[in-house]
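Biologist: Before we discuss details, may we have the sequence and the structure displayed?

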Amino acid sequence: MTTKEFKLFNDMMKKSADAVPFVQILDENAKLVNKGLKSSLTDDELVALMKNLVWGRTVNERLILAGRQGRIGNLPPSEGQEASQLATLFAMKKTDFLFPTYRDVIPLISHGMPMKNAVLWYRGHVAANILPEGVHGLPAQVIIGSQYVQAAGLGMAYKRDGKDQVAMTYIGDGGSSQGDFYEGINFAGVFESQTVFIVQNNQYGISVPRDMQSKAPTLAQKAAAAGIPGIQVDGMDPLALYEVTKLAREYTMAGNGPVLIETLTYRFGPHTLSDDPTRYRTQEELDEWLEKDFMIRMRKHLGEKGIWNEEMEQEVINQTTEEMNEALDAADNEPKQKVSQLLRNVFEVPTPRIAKEIKMYELKEEN
Amino acid sequence: MAIKNMVQAINEALTQEMERDERILVFGEDVGTNGGVFRVTDGMSDKLGIDRVFDTPLAESGIMGMAMGLALGGYRPVPEIQFSGFTMEAIDGLLGQLARHRYRMGGTEGVPVTVRSTFGGGVGTPELHSDNLEGLFSQSPGIRIVIPSGPYDAKGLLTASIRNNDPVYFLEHLKLYRSIKEEVPEESYEIPLDKAHVVQEGTDITIVTYGAMVHESKKAIESLEKDGISIELIDLRTVAPFDIDTILASVKKTGRVVVVQEAQRLTGVGNQIMAEIAEGAMYELEASIGRVAAPDSHFPFGQAESVWLPNAKTIEEQVRNTMAE
Ligand SMILES: Cc1ncc(C[n+]2csc(CCOP(=O)(O)OP(=O)(O)O)c2C)c(N)n1
């Protein structure tokens with residue numbers, strides 16, 4: 001190859017990696033970025049969104065405390081990611097269906113799952129998964145990737161039935177390496193499913209950093225392979241998260257097929273309470289992200305508008321703490337789950353073998 | 001009543017069910033325009049619309065996940081996995097997700113998905129097309145594995161599977177597709193799941209089997225009966241969870257039993273059946289439990305199939321051994 005040919009080829013190769021749009025509306029200094037998308041939130045909506053975010057942060061803090069006190073089982077906290085979770089959800093309708101991961105129990109509560117169920121979920125009680133009528137979602141998914149193919153299927157059902165409903169699902173940066181991730185976005189693309197796929201890029205899959213997951217410069221560009229749009233958002237910017245998700249919802253409802261959104265965020269805490277993040281990341285890195293915390297810029301932005309103050313924030317914290325305490329107590333009072341009942345749940349009608357096992361365990365449980 | 005083969009019987013069951021319930025969807029690789037690589041869904045997309053009998057991208061996990069999502073949206077999907085070995089690509093979807101959905105939802109909702117696939121030796125397919133995976137998957141709670149042994153059963157069992165509100169893995173033996181012809185009623189009918197079929201009654205010994213081995217057993221029985229041996233033949237129909245009560249009742253009557261499967265000794269459901277018999281009828285047995293199975297290699301390359309697969313002769317030998325004990 002001549003030098004000239006080599007350069008030509010190199011240029012061609014560089015072009016093959018698609019650039020994706022990046023959206024930010026409220027920057028690190030709480031200044032509105034005046035190009036591209038603008039916020040459409042009214043002051044009332046801004047306050048409602050802020051209340052959600054403070055609620056989410058408080059739930060995280062309270063859950064961590066409950067975890068440390070041994071009142072719940074192991075917990076994957078999501079401090080730092082609440083905007084990525086709750087500002088995206090804020091753009092969805094109550095009738096939209098949510099497929100969460102194990103780290104998305106907080107948005108699932110926001111979507112209608114009672115707090116008591118959340119506590120029971122962390123404790124490993126089946127009652128957690130029985131969602132009240134009208135809550136559109138599945139319990140948190142532990143297998144990484146399954147929810148993406150399922151969301152493609154449900155989004156297709158909505159499309160077939162002409163429903164004003166969207167399937168919405170989260171995955172992590174690690175999860176975007178999983179085969180189901182691609183199968184999900186690809187199927188959704190082919191069948192023009194009404195699905196919004198969100199990759200919460202919190203920079204780590206347990207200890208493995210984002211750049212060890214993929215050589216792709218963005219995760220959003222993976223959408224290009226499925227022929228669907230991909231877009232990257234500042235995951236610490238609730239205004240951008242809301243705006244992009246809202247438009248993605250409208251886009252898919254207009255019959256254009258699914259959208260993939262990558263949110264650039266960070267998990268401040270450990271992967272789970274039994275994880276030690278100092279083994280794989282530095283204090284400097286954490287500090288940098290703590291400065292980017294959406295809470296700082298939202299307090300400033302809403303404060304400057306005169307629609308938010310410390311008292312309002314404290315009130316949400318107090319209410320949430322109370323809500324959490326009540327949920328913990330209510331979960332304490334939940335009857336113990338019975339093996340005989342679990343056996344009843346395997347099939348609609350127990351098989352003869354299971355019917356015998358039910359009798360056996362009922363006898364055991366009487367004693 | 002018309003004489004039909006299994007392909008026609010399955011096509012008829014699918015078509016009639018889809019005509020009855022518009023929420024049923026059939027999809028998979030090549031099932032739409034092409035009518036399936038074995039023509040099982042032939043003509044269905046013309047009759048029912050290409051939006052109800054349609055092709056998917058080539059991705060088994062995607063197919064399984066889509067089925068689950070559609071079921072969550074109130075549909076009754078009947079996806080096809082072209083060949084059983086490819087189900088490996090979708091085990092999470094099948095066993096991790098579909099099979100445990102009702103359980104994880106506290107019994108409040110099930111996912112009515114019937115996954116159809118082909119399997120079975122004797123037709124010389126390439127690797128990983130014919131593998132008997134029923135034993136592997138039978139170890140998962142929450143899913144039924146149904147294997148018809150002929151056209152009549154295929155239609156009735158598939159109809160019952162589709163109407164059932166729990167997931168079913170419906171396995172169609174490749175060798176039976178066109179080799180067995182039977183009278184099959186035009187109208188739709190159900191054969192109950194979870195019930196074994198006593199194909200013929202006998203008093204000396206019981207053969208418990210399923211799928212293609214039902215026919216090999218029948219051949220063996222023909223020659224055994226010439227020597228005055230009276231054989232009770234049980235076709236499991238629902239292979240998992242299997243109908244232990246029918247098996248035990250028969251074994252208690254005959255006192256002798258041979259369990260026959262095409263799958264390797266390691267897999268198949270024979271192990272489980274033998275354990276149940278040992279547990280439930282030990283003292284009524286007059287001989288040890290006999291077993292016919294393939295050896296514990298991976299499924300054989302085509303040229304070795306005829307030796308590897310159990311057949312009427314192996315069955316006959318084992319029955320004679322068990323009778324002699
Ligand atoms: C199929 C599967 N493989 C592995 C795991 C174990 N595991 C749990 S969380 C995790 C990391 C996931 O990282 P990411 O997708 O980035 O999500 P995050 O935890 O950061 O929210 C791993 C490897 C799992 N739950 N499921």
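Modeller: This is a predicted model. Residues 54–339 of chain A are 47% helix and 11% strand, and the end C-alpha atoms of that span lie 39 Å apart.

Biologist: Which UniProt annotation covers residues 54–339 of chain A?

Modeller: The annotation comes from an unreviewed UniProt entry. For residues 54–339 of chain A, that record gives "domain: Dehydrogenase E1 component".

Biologist: In what order do the six strands of the open sheet in chain A stand?

Modeller: The pairing in this sheet is parallel. Strands E1 (22–23) and E2 (97–99) of chain A each have a single partner strand, so they stand at the edges, with one side of each left without a neighbour in the sheet. The order in chain A is E1-E7-E8-E4-E3-E2.

Biologist: Which residue of E8(A) is the bridge partner of Asn201(A)?

Modeller: Strand E4 (residues 195–201) and strand E8 (residues 259–264) of chain A run parallel and are joined by six bridges. In E8(A), the partner of Asn201(A) is Leu264(A).

Biologist: What share of the ligand's accessible area does the protein cover?

Modeller: A polar backbone atom of Val142(A) is 2.9 Å from a ligand nitrogen, and a backbone N or O atom of Ile144(A) lies 3.3 Å from a nitrogen atom of the ligand. A backbone N or O atom of Tyr204(A) lies 2.8 Å from a ligand oxygen. Of the 580 Å² of accessible area that the ligand has on its own, the protein covers 71%.

Biologist: How does the shell around the ligand divide into nonpolar, polar and charged residues?

Modeller: Of the 15 residues around the ligand, those that come nearest include Tyr102(A), Arg103(A) and Gly174(A). The shell divides into six nonpolar, seven polar and two charged residues.

How values were computed:
Residues numbered from 1 in each chain as written. Chains lettered and ligands numbered in written order. Predicted model: local features only at pLDDT ≥ 70, side-chain atom pairs only at ≥ 80, totals over all residues. Heavy atoms only, no water. Near = heavy atom within 4 Å. Polar contact = N/O pair within 3.5 Å; in protein donor to acceptor, adjacent residues only side chain to side chain. Areas by Shrake-Rupley, 256 points an atom, 1.4 Å probe, with all protein chains shown as cover. Nonpolar A, V, L, I, M, F, W, Y, C, P; charged D, E, K, R; others polar. UniProt positions renumbered as here; feature names shortened; annotations may be inferred. Helix = DSSP H or I, 4+ residues; strand = E, 2+ residues; numbered from the N terminus. Pairing = 2+ DSSP bridges.
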